[in-house]
Amino acid sequence: MKSDDIRALVRPNIQKLCPYSTARDEYKGTIGVFLDANESPFPTGWNRYPDPRQTTLREKLAPIKGVKPENIFFGNGSDEAIDLIFRIFCVPGKDNVVAIAPSYGMYAVSASINDVEVREVVLNEDFSLPYDRLLAACDADTKAIFLCSPNNPSGNAFSNEEIFKVLENFNGIVIVDEAYIDFCSVPSLLGSLDRYPNLVVFQTFSKARGLAGLRLGLAFSNPYVISVMMMVKYPYNINASTQKFALAALENGIDAQVAEIVAQRARVAAALPQYSFVRKVYPSEANFILVKVDDANRLYDHLIADGIIVRNRNRVVGCAGCLRITIGLPEENDKLLKSLNDYEKGNIRG
Ligand code: PMP
């Protein structure tokens with residue numbers, strides 16, 4: 001797809017949009033007296049509006065991610081970026097998107113809120129990408145395909161080559177949600193942004209970065225798509241404390257913590273098959289493991305009664321009998337395995 005064709009995918013009302021210009025957008029120089037935004041002049045630490053364009057943060061993150069600042073959008077969690085895709089590209093009641101299933105639930109929720117049809121394409125039984133069915137589900141009104149790699153809740157990653165095929169053969173936006181990419185052996189698609197103008201990559205500070213409470217999600221795309229996202233978002237979508245703490249966090253690496261999670265994931269994955277009630281441990285490239293058991297509801301209740309909460313995915317398409325277990329600290333994983341030992345021995349709570 002050519003970059004000029006992306007413009008045609010944008011909803012006509014958005015193409016014509018005259019965005020809100022904040023007081024701080026209008027002047028870029030150095031100013032000492034701020035009488036432009038009707039803020040309180042009394043210093044509380046937070047009396048000034050935050051930078052609406054998150055310029056410092058974008059400039060700091062760009063070299064870390066190997067992209068340019070104009071390739072980066074910050075959202076109030078990835079959920080804001082998901083919602084913007086619908087608001088920018090999909091005419092309510094007319095356009096549709098295609099998404100894999102099972103996958104992250106917010107794609108479908110956001111679609112419903114925006115009155116956009118989601119055509120869910122169930123993954124193959126081993127959770128691999130059903131390329132032919134994915135493209136067959138698209139029609140002239142399909143504006144976007146949502147992929148997630150590593151996928152939540154299955155934990156597997158799709159190869160870059162498989163995703164390139166989708167990017168090359170679909171005339172719309174392809175979103176690849178890389179929330180769990182730091183735990184994954186398949187490289188990120190960020191290096192392919194220049195090659196594919198229809199690619200939008202989501203990442204987040206909520207997982208490997210350990211800042212879920214700050215609410216900071218990321219979208220990476222070509223400068224045109226990013227400029228439209230910046231135009232449609234709420235003017236001050238990233239608050240001042242989030243910008244400040246995220247900037248400070250970027251001084252620290254995450255390699256040691258990621259290595260610890262990956263090692264713990266291997267440990268839990270190796271321990272699970274020894275239990276007679278475990279039917280299948282799905283290979284994971286993320287910070288969680290999907291496991292199929294004899295009676296997911298019973299085991300879930302037992303773990304809850306033991307003070308451990310996991311995610312019951314029993315009722316999710318393709319995940320009957322499955323629990324999704326997040327990898328915790330070593331001592332938390334110890335408690336999980338101890339509780340599973342008790343369950344195995346018939347000391348069932350709940
Ligand atoms: N994408 C995926 C695939 C997720 O699993 C999650 C959270 N579980 C998110 C996005 C949410 O990210 P954020 O905290 O940035 O909204």
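Is Cys319 buried or exposed? In this predicted model, Cys319 has a relative accessibility of 0% and counts as buried. Cys322 is likewise buried, with a relative accessible area of 0%. A search of the whole structure for disulfides returned 0. The closest cysteine sulfur to that of Cys319 belongs to Cys322 and lies 5.1 Å away, which is too far for a bond. A disulfide would require the two sulfur atoms to be within 2.5 Å. Cys322 is therefore in no disulfide, its nearest cysteine sulfur being that of Cys319 at 5.1 Å.

Phe86 is buried at 1% relative accessible area, and Phe146 is buried at 0%. Ring pairs also join Phe86 and Phe146 with Tyr104 and Tyr107 in a cluster.

The pair of Phe277 and Tyr343 is edge-to-face, at 4.8 Å centre to centre and 80 degrees between the planes. Here Phe277 is in the loop between helix H10 (255-271) and strand S8 (278-281), whereas Tyr343 is in helix H12 (residues 330-344), 66 residues apart. Both residues are buried, Phe277 with a relative accessible area of 7% and Tyr343 with 8%.

Two lysines were also found over tyrosine rings. The charged end of Lys165 sits 4.2 Å from the ring centre of Tyr131, and that of Lys280 sits 5.2 Å from the ring centre of Tyr282.

How values were computed: Residues are numbered from 1 along each chain as its sequence is written. This is a predicted model: local features need pLDDT of at least 70, side-chain atom pairs count only at pLDDT 80 or more; totals for chains, interfaces and linings use all residues. Side-chain values use heavy atoms; hydrogens and water are left out. Buried means under 20% relative accessible area, exposed over 50%, partly exposed in between (1.4 Å probe, protein chains only). Rings of Phe, Tyr and Trp (its six-membered ring) pair if their centres lie within 6.5 Å; planes under 30 degrees apart count as stacked, over 60 as edge-to-face and the rest as tilted. Helices (H or I, at least four residues) and strands (E, at least two) are DSSP runs, numbered from the N terminus. A charge sits over a ring if NZ of Lys or CZ of Arg is within 6 Å of the ring centre and within 35 degrees of the ring normal.
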